[in-house]
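Below is a walk through one protein model, from the whole chain down to single side chains. Please keep the sequence and the 3D view open while reading.

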Amino acid sequence: ILDRPHPGIEPYVKGCLTCFLYAEGEAFSSGRQDAARTLACLKAHKASTLVLDSYELDESWEALIREQGYRLVVIDDLERSHQCDILVDQKWTGFDTTFSRYDHLVPEHCQKLLGPDYAILNPDYRAGCEPGPGPATLMFSLGGGGDLAVFQEVIPLLLAQMTQEFQIFIVLGPVCFNADWALLLAQ
């Protein structure tokens, strides 16, 4: 279930059963309306569980989905309140907080999958590997979207301080923005 068609993501959803909530040019108007459209998609496709990965939707939206009997899995790392059955937060915040930071933010029945053990990664990346010959590699990613300006200060500082040869990869996804500086850096 996606907000609307976007040319940049078409290759990623090709061959997938896709439901768009909004037509081109139509804007989000309310969480209640968005939830109603989402529920219509869930019902039309006889789904029983929804996996939500969105910073824009909140616990009141989640409650509307759960009230209709759907199981809700939420992927989030902002340490905010949720109305879900399962919460996945792969962020590491230290031994003192990683496993307790949602204690009062989710329902009692919610199963919390917290910490890097629950990072959604290709299994090839989970296995440790020895560095090969050649330069070290640093990859910066916001999951293919988001404001790349957050890396704009960090990367030049790394460039100025690194004493060994290395390569930098910045993931430029279809819905990222503020990438002009990164494109200039690559030249």
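**From the whole chain to its cysteines**

Among contacts in the protein chain between residues at least 6 apart in sequence, 45% join residues at least 24 apart; contact here means heavy atoms within 4.5 Å. This is a predicted model, in which local features need pLDDT of at least 70 and side-chain atom pairs count only at pLDDT 80 or more, while totals for chains, interfaces and linings use all residues. Residues are numbered from 1 along each chain as its sequence is written, and side-chain values use heavy atoms, with hydrogens and water left out.

The protein chain has six helices and eight strands, where helices (H or I, at least four residues) and strands (E, at least two) are DSSP runs numbered from the N terminus. In order from that end, the elements read α-α-β-α-β-β-β-α-β-β-α-β-β-α. Of the 187 residues, 29% count as buried, meaning under 20% relative accessible area with a 1.4 Å probe, protein chains only.

Leu50 and Leu52 form its covered face, Thr49 and Val51 its uncovered one. β1 runs parallel to strand β2 (residues 71-75), and four bridges join the two; strands pair if DSSP finds at least two bridges between them. Leu50 stands opposite Leu72 in β2. Between β1 and β2 the chain passes through helix α3 (residues 59-67), giving a right-handed β-α-β crossover: with the strands pointing away from the viewer, the path from the first strand over the helix to the second runs clockwise.

These elements also contribute to the largest nonpolar core, which has 18 residues, with Trp61, Ile65 and Leu87 having the most contacts inside it. Such a core is a set of buried Ala, Val, Leu, Ile, Met, Phe, Trp, Tyr and Cys residues joined through side-chain atoms within 4.5 Å. At least two of its residues come from each of α2 (31-44), β1, α3 and β2. Leaving aside residues up to four places away in sequence, Trp61 touches Gly31, Asp34, Ala35, Thr38, Leu50 and Leu52. A second, separate core of eight residues includes Leu148, Phe151, Ile155 and Ala182.

The structure holds one disulfide, defined as a pair of cysteine sulfur atoms within 2.5 Å. Cys19 and Cys41 form it, with their sulfur atoms 1.9 Å apart. Cys19 lies in the loop between α1 (10-13) and α2, Cys41 in helix α2, 22 residues apart. Both cysteines of this pair, Cys19 and Cys41, are buried. Cys110 is in no disulfide, and the nearest cysteine sulfur, that of Cys84, is 3.8 Å away. Cys110 is buried too, at a relative accessible area of 8%.

Methods
Buried means under 20% relative accessible area, exposed over 50%, partly exposed in between (1.4 Å probe, protein chains only).
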